[in-house]
Number of protein chains: 2
Amino acid sequence: MHAFEISEYQYRLNRVKEVMSERGMDVLLVSDPANMNYLSGYDGWSFYVHQLLIVLLEADQPIWVGRHMDANAAKITTWLDPSHIVPYPDDYVQSLKKHPYDFVADILREEKVENACIAVELDNYYFSAKCFDTLNKQLTKATFLDATSLVNKVRIVKSDTEITYMKRAAAIVENAMKVGIDAIAEGVRECDVVGQVYEAQISGTTEFGGDYPAIVPLIPSGERTSTPHLTWTEQPYKEGDPVIIELAGCYRRYHAPMARTVMIGDPPQNIKDLAEVVIEGLNETLARIGPGMTCEEVEAVWNKSIEKSGFIKESRIGYSVGLSYPPDWGERTASLRKGDKTVLQPNMTFHLIPGIWLDNYGMELSEAFRVTDKGCETLTNFPRQLFVKD
Amino acid sequence: MHAFEISEYQYRLNRVKEVMSERGMDVLLVSDPANMNYLSGYDGWSFYVHQLLIVLLEADQPIWVGRHMDANAAKITTWLDPSHIVPYPDDYVQSLKKHPYDFVADILREEKVENACIAVELDNYYFSAKCFDTLNKQLTKATFLDATSLVNKVRIVKSDTEITYMKRAAAIVENAMKVGIDAIAEGVRECDVVGQVYEAQISGTTEFGGDYPAIVPLIPSGERTSTPHLTWTEQPYKEGDPVIIELAGCYRRYHAPMARTVMIGDPPQNIKDLAEVVIEGLNETLARIGPGMTCEEVEAVWNKSIEKSGFIKESRIGYSVGLSYPPDWGERTASLRKGDKTVLQPNMTFHLIPGIWLDNYGMELSEAFRVTDKGCETLTNFPRQLFVKD
């Protein structure tokens, strides 16, 4: 039923507690849904209301706190004892009069940690300014610490089972990308292509069912390729359009992302040139990646490769990926960019996506990779080229 | 190109400014992606990094602030002059050293409002505790006010064009629901049904292309129907399973949600009874809804209807819907529950979803409705029944 053995969840919890202990934290409030899933197995689309795990340094299990109607989801999907599932009544939901973190403060008082060192995920989508404001007003003697990315950083090296799940996600994204490239043609509506892509992402393979990726297909065409995060329209594709397809396969919340670029009709010379530069840069970078290298050293390989072409890439060229929920499939820890001194270790997983966006068009060609004992391996096996649809 | 006339965006902005003025706000920082879209037209999946609109009471246009690579998306999708699009460099992204709200503070100083009354959306997914902490440290002489739901409340009464979009979304959800009910059968994998549902949601109709709904299909089966927010598995459906399908159609970010329940095989008496109670309650409630009623009066009609059955429903029975981004398609303003005294007005739109979740199974049957001059009309026209698959 659970995605992992209970012992794996407990191992993860102990690793988090080690960091808490080093940093003087008595309590950690985990509001990031991916971090909640990582430690407890909890999996439901209930993160649009406030919910969290309370990790007490001195307790064997975290406490799940969420909305009353979601308590059965916690019973079904987590390894926690029912006594560790503590729901709040429905009148706390989206009310301007009472707040779920009033309820959280009550639990912390019951646990006698209201004056303790309490760490929170300060920069997270699911820990609003109001959550922190409420805690500060309720627990005036507590010391609050910032634990943004604490659990995320524990997640950065994957277990073998996690890698297996990411490879299943990779098989799914290979299918979905092929479906998308095959379907794109002059006169076909963008939404109809994306409908087919989605079907492939969710049905998955005959062996593994697909889960919803944390980001929808990013599939701009024409001038809209000058920026990476536009989705799709209801308009038909036109002859001469470039189309960027960035999407992920997802298996039990683990992601394998991939991007490719398609030309409808003959590619102009500038797009052919840009594709060559990006492919060469990708190949040279992947050939060099290995354990012991830092993230900024990876970026430097890329940068040196494209230097001769005259193209400039200001933004990061990749980030760690794995377990995730909307709105981001990245782990928000290591980035492949100048200044990031994270050292690569075996079973770290990244999305290497050196996209280039110019004034009127852009190009993306990416690979998700796993750091191995001696180098790296890409999760997917998919032609690394500019696709041309005649 | 834009979803609405520029005059409609300007009208919305002026209505927001009226409220700002009444509440003594000089500046409003709008970080909710739906509110950003409502005021500027901005539409991209870039909300996984910090971005916002700065609304200055004294300026004709808001300022869009976001990541450098998303500036072209702002140029393409908003009605703002390029001078009002102010991107931050990529090294602000997911860094523990510098924060995008440091950049925001710089803009506020340039605009000479660093000591003014600055309102923020305090309880929003996209305004983290760290955002507020950063602003407080940067702008020590500002007065901060809470503007949670300020723009959302301006959004609550829809224009005729917005209603048109919601009706297109409704046509899409009717299709998608039919596809889902048709596909569910003993032995079929849940993920394969959802793949087909997604295809219908995104392809849309021959006239209107689908956009991604803010919530994925919530489609639990068997015991998993005892809670509303589970998604799907890769397991095949079994004879005797109830299946809840809750999903939305989406057109240009406007939503029409709907829920139905399906039985695989003969429904047991308890499920038949529960369906009857819910359908009768829905029918009686819809017959009574009209302008001038309060949200809590709507809930009271429902409550009186089911009282005789012995079933109890603790949670709210609905909420306002419309324009939205993940993770929620609700507007987070009015809820159909005790204590909510919001008065219904023509062109308010709600999702009436009186779900009941018991220990081992649950039931959902819902309708999205628009308040009319004299009563209400449902957005969809879909059989209001328990579906039985033999």
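In chain B, the residues B:Tyr101, B:Asp102 and B:Ala105 of helix H4(B) meet B:Cys131, B:Thr134, B:Leu135 and B:Gln138 of helix H5(B). Two residues are in contact if their C-beta atoms, placed from the backbone, lie within 7 Å. By class, this contact has four nonpolar, two polar and one charged residues. Here Ala, Val, Leu, Ile, Met, Phe, Trp, Tyr, Cys and Pro count as nonpolar, Asp, Glu, Lys and Arg as charged, and the others, Gly among them, as polar. Helices (H or I, at least four residues) and strands (E, at least two) are DSSP runs numbered from the N terminus.

The model is predicted: local features need pLDDT of at least 70, side-chain atom pairs count only at pLDDT 80 or more, and totals for chains, interfaces and linings use all residues. Residues are numbered from 1 along each chain as its sequence is written, while chains are lettered from A and ligands numbered from 1 in the order in which they are written.

## Helix packing

Two packed helices are described by the angle between their axes and the distance between the axes. The axes are lines fitted to C-alpha atoms, for helices over the stretch in contact, and angles run from 0 to 180 degrees between N-to-C directions. The table sets out two such pairs.

| Helix pair | Angle between axes | Distance between axes |
|---|---|---|
| H4(B), residues 100-110, and H5(B), residues 129-138 | about 40° | 9 Å |
| H8(A) and H8(B), residues 190-203 | about 165° | 8 Å |

The angle makes H4(B) oblique to H5(B), whereas H8(A) is roughly antiparallel to H8(B). Angles under 35 degrees count as roughly parallel, over 145 as roughly antiparallel, 65 to 115 as roughly perpendicular and the rest as oblique. H4(B) passes H5(B) in a right-handed crossing, and H8(A) passes H8(B) in a right-handed crossing too. A crossing is right-handed if the near helix is turned clockwise from the far one by less than a right angle, and left-handed if anticlockwise.

## The two chains together

A rotation of 180° with 0.0 Å of shift along its axis superposes chain A on chain B, with an RMSD of 0.0 Å. The two copies are thus related as by a two-fold rotation axis. In chain A, the C-alpha nearest this axis belongs to A:Ala129, at 1.8 Å from it. The superposition is by least squares on the C-alpha atoms of residues with pLDDT of at least 70 in both copies.

How many residues of chain A are in contact with chain B? There are 64, and they touch 64 residues of chain B. On the side of chain A that touches chain B, helix H3 (71-77), helix H5 (129-138), helix H8 (190-203) and strand E10 (330-335) each supply at least two residues. The largest share, nine residues, comes from H8(A). By class, this side of chain A has 29 nonpolar, 21 polar and 14 charged residues.

Where H8(A) meets H8(B), the residues include A:Cys191, A:Val194 and A:Tyr198 from chain A, and B:Cys191, B:Val194 and B:Tyr198 from chain B. The residues of this helix contact divide into eight nonpolar, six polar and four charged.

## The sheets of chain A

Strands of a sheet pair through backbone hydrogen bonds, either parallel or antiparallel. Two strands are taken to pair if DSSP finds at least two bridges between them.

One open sheet of chain A has six strands in the order E4-E3-E2-E1-E5-E6, with mixed pairing. Its edge strands are E4 (85-88) and E6 (143-146), each of which pairs on one side only. Strand E3 (residues 63-67) of chain A pairs with E4(A) in the parallel sense over four bridges, and A:Trp64 stands opposite A:Ile85 in E4(A).

A second open sheet has five strands in the order E10-E9-E11-E14-E15, and its pairing is antiparallel. E10 and E15 (376-378) of chain A stand at the edges, each with a single partner strand, so one side of each is left without a neighbour in the sheet. The twist averages 35° from one strand to the next. Within this sheet, E11 (residues 349-352) and E14 (residues 367-371) of chain A pair in the antiparallel sense over four bridges, and A:Leu352 stands opposite A:Glu367 in E14(A). Helix H9 (residues 269-288) of chain A lies across E11, E14 and E15, running at about 10° to E14(A).

## Backbone details

The peptide bond from A:Pro326 to A:Pro327 is cis, with omega near 10°. A:Pro327 is placed in the loop between E9 (318-321) and E10 of chain A.
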